[in-house]
Amino acid sequence: MFTKVLIANRGEIAVRVARACRELGIATVAVHSTADRESSVVRLADEAVQIGPAPPGRSYLNAAAVLQAAEQTGADAIHPGYGFLSESADFAEACESLGITLIGPPASVMDKLGDKSSARALMTDVGIPLLPGSIEPLDHASARQLAGRIGFPVIIKASAGGGGRGMTVVEHGEHFDEAFHRTQAVAQALFGDGRVYVERYLPQTRHVEVQVLCDSYGNGVYLGERDCTVQRRHQKLIEESPAPELPTGLAERMGRAAVDGALAAGYVGAGTFEFLLAPDGNYYFMEVNCRIQVEHPVTEMVTGIDLVAAQLDIASGGVLGLSQADVVPTGCAIECRINAEDPAHGFAPAPGAITEFVPPGGPFVRVDTHVYPGYVVPASYDSLLAKLIVWAPHREGAIARMRCALDEFRMSGPQLRTTAAFLAEVLDHERFRSATHTTALVDEILMTSSSVGG
């Protein structure tokens, strides 16, 4: 096992990694920007190194500064969390060249799966179904021709995209040209790569993903599935495991497909295969996330497996100590993301000082957070403040427990707004409770919502 791990991230995931390392007796190094001097992970870690000013490009995305901090402190491994450098093949390759273990898949695998086009090509070879569309990135003329052939609506996606960004839905052909060029420009600005591809868009779908764990010796398992259908702007708000009301046998088919795809790619560590589930019960591959997911706690709650500890063990050369028969999820877990956003104004960022924070409690209630009373939420980063996770023996009980937890949740400040009240509305919605909702649910609720954040 490693002796010292540098945590190349911030917020709740940095705290989560620090705690896992402490339980395993591993020393930790927190890197931070000037805006995060007073962050929780700085207080928890054994050492802390300031790596730059608030803008992410000059701190958390500054690979040279992160690597310098690792060498300076003698860290033998780096945990990148999610976002920032977590899926950068170049960063993974730089770590390898310096003899520092990046806790994640090898650079070659990250390069293969991190690019949506090459990932789609690999999944086609494995036999995993894809929506009609292009495998390779397309120029404007080819993309327009393909869109006309497969029929509108279509979605234009950045090949290097992720996190729900770099996507444009096109309902009608007359809007395609402008949307194509705009998506290219956004992809170039966000990811430094303007390549895009086109696929058929399904407006009424569910979003279901499968968690996999693979070691360096060709062993792999799936740890059940998560339903991530409740989203705004292609970004998740509520996740649950298991996915409710799936057709018989579908969860197992998706799980086996995910493991087949992971092993074919030579995957190592924790990863997630994302699928769209169409109204006719068919599923289609979307992408692979080569990192720990924001929503990993729901899988931990139903399986009893510490995914971050498993990442650390596998990255240090450990053999996966699980067979598929050993994975027996029980009960239901739900996660709500509490973001510093105002649902009444299009989920606009609404950061500010936190003057009151009282997390909920009770049996099987978990709060993953980095904030505290007096903390000032920076405007420079992702809006996630806390993840509220509950478990119960069945879905109805988990929904009831989450509603109680949201009612107890208190976080306020002069300018601060949160998604907590809106999430309660989602949980109360008949379509969510009956598991007949699709990715359009949030927009439907916003049409009549009385929530103003809070």
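A nonpolar core is taken here as a set of buried Ala, Val, Leu, Ile, Met, Phe, Trp, Tyr and Cys residues joined through side-chain atoms within 4.5 Å. In this predicted model, the largest such core comprises 54 residues. Within this core, Leu6, Ile78, Leu113, Met123, Phe273 and Phe285 have the most contacts. Helix H9, spanning residues 250-265, is the greatest contributor, providing seven residues. Because residues are drawn from both domain 1 (4-103) and domain 3 (206-452), the core lies between these two domains.

The surroundings of Ile78 were examined with neighbours within four places in sequence set aside. Ile78 is then in contact with Leu6, Ala8, Val66, Leu67, Ala70 and Phe91, as well as with Cys95, Ile100, Thr101, Leu102 and Ile103. Another core, of 39 residues, lies apart from the largest one; Cys336, Ile338, Ala340 and Tyr372 are among its members.

An open sheet of three strands is also present, with antiparallel pairing and the strand order E7-E6-E8. Strands E7 (167-170) and E8 (196-200) form its edges, each pairing on one side only. On average, neighbouring strands are turned by 20 degrees against each other, direction ignored. The antiparallel pairing of E6 (residues 154-158) with E7 extends over four bridges, and Thr168 of E7 is the bridge partner of Ile156. Helix H8 (residues 176-191) packs on this sheet and touches E6, E7 and E8, its direction making about 25 degrees with that of E6. Helix H7 (residues 140-150) lies across E6 and E8 and runs at about 5 degrees to E8.

How values were computed
Residues numbered from 1 in each chain as written. Predicted model: local features only at pLDDT ≥ 70, side-chain atom pairs only at ≥ 80, totals over all residues. Heavy atoms only, no water. Pairing = 2+ DSSP bridges. Helix = DSSP H or I, 4+ residues; strand = E, 2+ residues; numbered from the N terminus. Axes fitted to C-alpha atoms, helices over the stretch in contact; angles between N-to-C directions. Contact = heavy atoms within 4.5 Å. Buried < 20%, exposed > 50% of the residue type's maximum accessible area, 1.4 Å probe, protein only. Domains from an automatic or database assignment.
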